[in-house]
Amino acid sequence: MLGEITHVMLVENNQLLLLLVSNLIKTYPFNLVNSSENFDQAIKAFKKHSPDAVVLDLDLGDGPNGYELAIVMRQINPNLGIVLYSSFN
């Protein structure tokens with residue numbers, strides 16, 4: 001499965017974590033197609049770039065969360081690889 005994943009999308013609303021996680025993803029043989037900060041940006045970018053997998057923060061601030069975003073994305077692409085994570089202070 002990992003060999004089939006070439007395009008990865010990241011959704012994170014914290015700027016520092018967005019930078020850190022995107023830099024981590026770039027160390028692997030993936031093409032980071034988009035880094036979005038919220039639900040609406042993520043859906044637009046997802047439809048435009050059609051990634052093979054997404055890395056989603058569970059807490060995206062006000063509005064829908066990463067789990068809800070994963071459900072919508074999986075409805076669009078049933079074969080989508082999904083990684084959910086979160087951080088706590």
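## L56 and its surroundings

In this predicted model, L56 is in contact with V11, G66, L69, A70, M73, I82, V83, L84 and Y85, once its neighbours within four places in sequence are left aside. One of these residues, L84, is also the bridge partner of L56 in the strand β4. The strands β3 and β4 run parallel to each other and are joined by five bridges.

## Two nonpolar cores

L56 also belongs to the largest nonpolar core, which has 15 residues, and it is listed with M9, V11, V54, L69 and M73 as having the most contacts inside that core. At least two residues of this core are supplied by each of β1 (7–11), α2 (39–49), β3 (53–57) and α3 (66–76), and the largest share, five residues, comes from α2. Apart from this core lies another one, made of 10 residues, among them I5, I25, L32 and Y85.

## The sheet

Which strands form the sheet, and in what order do they stand? Four strands form an open sheet in the order β2-β1-β3-β4, and the pairing is parallel. Because β2 and β4 (81–85) stand at the edges and have a single partner strand each, one side of each is left without a neighbour in the sheet. From one strand to the next, the twist averages 15°. As a general point, the strands of a sheet pair through backbone hydrogen bonds, in either a parallel or an antiparallel way.

The strand β1 is mostly covered, since four of its five residues are buried. Its pairing with β2 is parallel and extends over five bridges, and within this pairing L10 stands opposite S35 in β2.

## Helices α2 and α3

Within α2, the buried residues are F39, A42, I43, A45 and F46. An α-helix has 3.6 residues a turn, so residues three or four places apart point the same way. What covers the buried residues of α2 includes β1, β2 (31–36), β3 and α3.

The N-terminal end of α2 is capped by N38, which has a side-chain oxygen lying 3.1 Å from the backbone nitrogen of D40. After α2 comes S50, whose phi is positive, near 45°. The helix α3, for its part, lies across β1, β3 and β4, and it runs at about 160° to β3.

When residues up to four places away in sequence are not counted, S22 touches L10, L17, L32 and S35.

## An aromatic pair

The structure holds one aromatic pair. The rings of Y28 and F30 have their centres 6.2 Å apart and their planes at 25°, so this pair is stacked; the reasoning rests on the rule that planes under 30 degrees apart count as stacked.

How accessible are the two partners, Y28 and F30? Y28 has 48% relative accessibility and therefore counts as partly exposed, and F30, at 22% relative accessibility, counts as partly exposed too.

Methods
Residues numbered from 1 in each chain as written. Predicted model: local features only at pLDDT ≥ 70, side-chain atom pairs only at ≥ 80, totals over all residues. Heavy atoms only, no water. Core = buried A, V, L, I, M, F, W, Y, C linked by side-chain atoms within 4.5 Å. Buried < 20%, exposed > 50% of the residue type's maximum accessible area, 1.4 Å probe, protein only. Contact = heavy atoms within 4.5 Å. Polar contact = N/O pair within 3.5 Å; in protein donor to acceptor, adjacent residues only side chain to side chain. Pairing = 2+ DSSP bridges. Axes fitted to C-alpha atoms, helices over the stretch in contact; angles between N-to-C directions. Phe/Tyr/Trp six-rings, centres within 6.5 Å; stacked < 30°, edge-to-face > 60°.
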